[in-house]
Amino acid sequence: MKYQHILLALSALVLTQCTSLDSKQCQHADWFSLGHQDGNNGGYANKINDYAEDCAEFGIRVDHAQWREGYLTGLQNYCQPENGYRVGLAGEGYAGVCSSNAFVEQYNAGYQQHQLNQRADNIRMRLQHIDYEIRDLDQKLTASIDKAATLEKKKQLLNEKDRLVNELRYLHNGHDVMFKWQL
């Protein structure tokens, strides 16, 4: 029984040790294109080491020079300031691979906008839930079920709703946010 647990743990460990490239991919890899793709995605510069490790398992060497040339070409596309804003706005991570301050500034601006949009979405969802709860409380009031507690809960929800609506307006007006919202 004790050995079964060890065997299961080892099996799970082996299953999580997957390679990112298999034998065929290593044999037929276009290292320039793979590097270009990694650069276009803003991937780490040491990603080639992962490929080298994967392909070494099959006795295949990677072309570091071709990958690096493609990677640098891809980074030229990725590191454009307008792409920085897009990447940040999408909430994607940034691996610190661009030397351009303009990219980083735009990424930070886009990411800040992303966070504001997420907060606004969370507020909208909570407002919908509050409206549902208020409708439920109104039904209970109509049915004369514990009116005092129901009225107190409704008052609390209306106060929370007012606070959230004000916060949503602040996000929209106070930060010149570009997101769509409806009350």
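**Contacts, ring pairs and helix packing**

Me: Which residues does Asn83 touch, not counting residues up to four places away in sequence?
Reply: Asn83 touches Asn77, Tyr78 and Phe103, where contact means heavy atoms within 4.5 Å. The model is a predicted one, in which local features need pLDDT of at least 70 and side-chain atom pairs count only at pLDDT 80 or more, while totals for chains, interfaces and linings use all residues. Side-chain values use heavy atoms, with hydrogens and water left out, and residues are numbered from 1 along each chain as its sequence is written.

Me: Why is Asn83 called buried?
Reply: Its relative accessible area is 13%, and buried means under 20% (exposed is over 50%, partly exposed in between, with a 1.4 Å probe and protein chains only). Asn83 is therefore buried. The residue sits in helix α6.

Me: Why are α6 and α7 called roughly parallel?
Reply: Helix α6 covers residues 81–89 and helix α7 residues 101–142, and the two pack at an angle of about 25 degrees with axes 6 Å apart. Axes are lines fitted to C-alpha atoms, for helices over the stretch in contact, and angles run from 0 to 180 degrees between N-to-C directions. Under 35 degrees counts as roughly parallel, over 145 as roughly antiparallel, 65 to 115 as roughly perpendicular and the rest as oblique. α6 and α7 are therefore roughly parallel to each other.

Me: Is the crossing of α6 and α7 left-handed or right-handed, and what decides that?
Reply: The crossing of α6 and α7 is right-handed. A crossing is left-handed if the near helix is turned anticlockwise from the far one by less than a right angle, and right-handed if clockwise.

Me: Which residues make the contact of α6 with α7, and how do they divide by class?
Reply: On the α6 side they include Pro81, Asn83 and Tyr85, and on the α7 side they include Phe103, Tyr107 and Gln113. By class, this contact has 9 nonpolar, 8 polar and no charged residues. Ala, Val, Leu, Ile, Met, Phe, Trp, Tyr, Cys and Pro count as nonpolar, Asp, Glu, Lys and Arg as charged, and the others, Gly among them, as polar.

Me: How do you know that Gln113 is buried?
Reply: Gln113 has a relative accessible area of 9%, which is set against the limit of under 20% for buried. Gln113 is in helix α7, and its C-alpha atom is separated by 6.1 Å from that of Leu89, 24 residues apart along the chain.

Me: How many aromatic pairs are found, and why is the pair of Trp31 and Tyr51 called tilted?
Reply: A search of the whole structure finds 6 aromatic pairs. The rings of Trp31 and Tyr51 have centres 6.1 Å apart and planes at 50 degrees, so the pair is tilted. Rings of Phe, Tyr and Trp (its six-membered ring) pair if their centres lie within 6.5 Å; planes under 30 degrees apart count as stacked, over 60 as edge-to-face and the rest as tilted.

Me: What does the pair of Trp31 and Tyr51 tie together?
Reply: Trp31 lies in helix α3 (residues 31–40) and Tyr51 in helix α4 (residues 47–56), so the pair ties together parts that are 20 residues apart in sequence. Both Trp31 and Tyr51 are buried.

Me: What makes the pair of Tyr94 and Phe103 tilted?
Reply: The ring centres of Tyr94 and Phe103 are 5.1 Å apart and the planes are at 45 degrees, which puts the pair in the tilted class. Tyr94, at 23% relative accessibility, counts as partly exposed, whereas Phe103, at 0%, counts as buried. Tyr94 and Phe103 belong to one aromatic cluster with Tyr78, Tyr107 and Tyr111.

Me: Why is Lys147 called partly exposed?
Reply: Lys147 has 43% relative accessibility, a value in between the limits for buried and exposed. Lys147 lies in helix α8 (residues 147–174).

Note on methods
Helices (H or I, at least four residues) and strands (E, at least two) are DSSP runs, numbered from the N terminus.
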